[in-house]
Amino acid sequence: MKEKIIGTTPDIRKATLKRLLNAKQITRIMEAHNPLSALILENLTVNQNNKQLQFDGFWSSSLTDSTSMGLPDIEVLDFSRRIQNINSIFDVTTKPLVYDADTGGLSEHLIINASSLQRIGVSAIIIEDKVGLKKN
């Protein structure tokens with residue numbers, strides 16, 4: 001794959017997701033919780049009705065990130081630990097990533113966090129539409 005040889009940039013990841021959403025009826029995004037799972041998803045191809053299907057990008061789940069650290073999914077996992085995991089995924093992949101930001105936390109923090117996510121190449125942020133801390 002040409003992208004792996006020349007590498008990718010945050011802008012390429014974001015543009016790729018935008019292009020996919022505009023061009024495809026269904027965009028396939030799958031949760032990747034570490035670099036190995038992301039590599040598997042990046043390279044997985046399924047043949048269906050003589051057509052090759054692949055996942056278009058990754059989902060960074062707060063549930064999986066928290067659970068893999070032995071923590072409850074109540075927005076307690078430090079943002080920097082989530083960014084570190086995403087950077088590790090980006091080190092070995094080229095596809096776009098959608099970030100699960102739960103409720104977004106404090107609005108003052110969300111603005112800074114969104115800028116950090118954009119800078120490293122996260123293509124989209126999903127925020128739940130509820131008030132208060134997340135409860136599972």
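Helices (H or I, at least four residues) and strands (E, at least two) are DSSP runs, numbered from the N terminus. The model is predicted, so local features need pLDDT of at least 70 and side-chain atom pairs count only at pLDDT 80 or more, whereas totals for chains, interfaces and linings use all residues. Residues are numbered from 1 along each chain as its sequence is written, and side-chain values use heavy atoms, with hydrogens and water left out.

**Exercise 1.** Locate Asp129 relative to β6, and decide whether Asp129 is buried or exposed.

*Solution.* Start with the position: Asp129 belongs to the segment after β6. Next, apply the cut-offs, by which buried means under 20% relative accessible area, exposed over 50%, and partly exposed in between (1.4 Å probe, protein chains only). With a relative accessible area of 80%, Asp129 is exposed. Finally, look along the chain to Asp102, which is 27 residues apart from Asp129, and find that 8.8 Å separates their C-alpha atoms.

**Exercise 2.** Describe helix α2 by its span, its buried residues and the elements against which those residues pack.

*Solution.* First, take the span: α2 covers residues 10-23, and its 14 residues reach 20 Å from the first C-alpha to the last, close to the 20 Å expected at 1.5 Å a residue (the expected span being 1.5 Å times one less than the number of residues). Second, list the buried residues of α2, which are Arg13, Thr16, Leu17 and Leu20. Seen down the helix axis, these buried residues fall within an arc of 95°, so they line one face of α2; the arc is that of the directions from the axis to the C-beta atoms. Third, turn to the other side of α2, where Asp11, Lys18, Arg19, Asn22 and Ala23 are exposed. Last, the partners of the buried residues are β1 (29-31), α5 (79-92), β5 (97-100) and β6 (124-126), where contact means heavy atoms within 4.5 Å.

**Exercise 3.** Work out the surroundings of Asn85.

*Solution.* Asn85 sits in helix α5 and is buried, at a relative accessible area of 17%. Once its neighbours within four places in sequence are left aside, Asn85 is in contact with His33, Asn34, Pro35 and Asp65.
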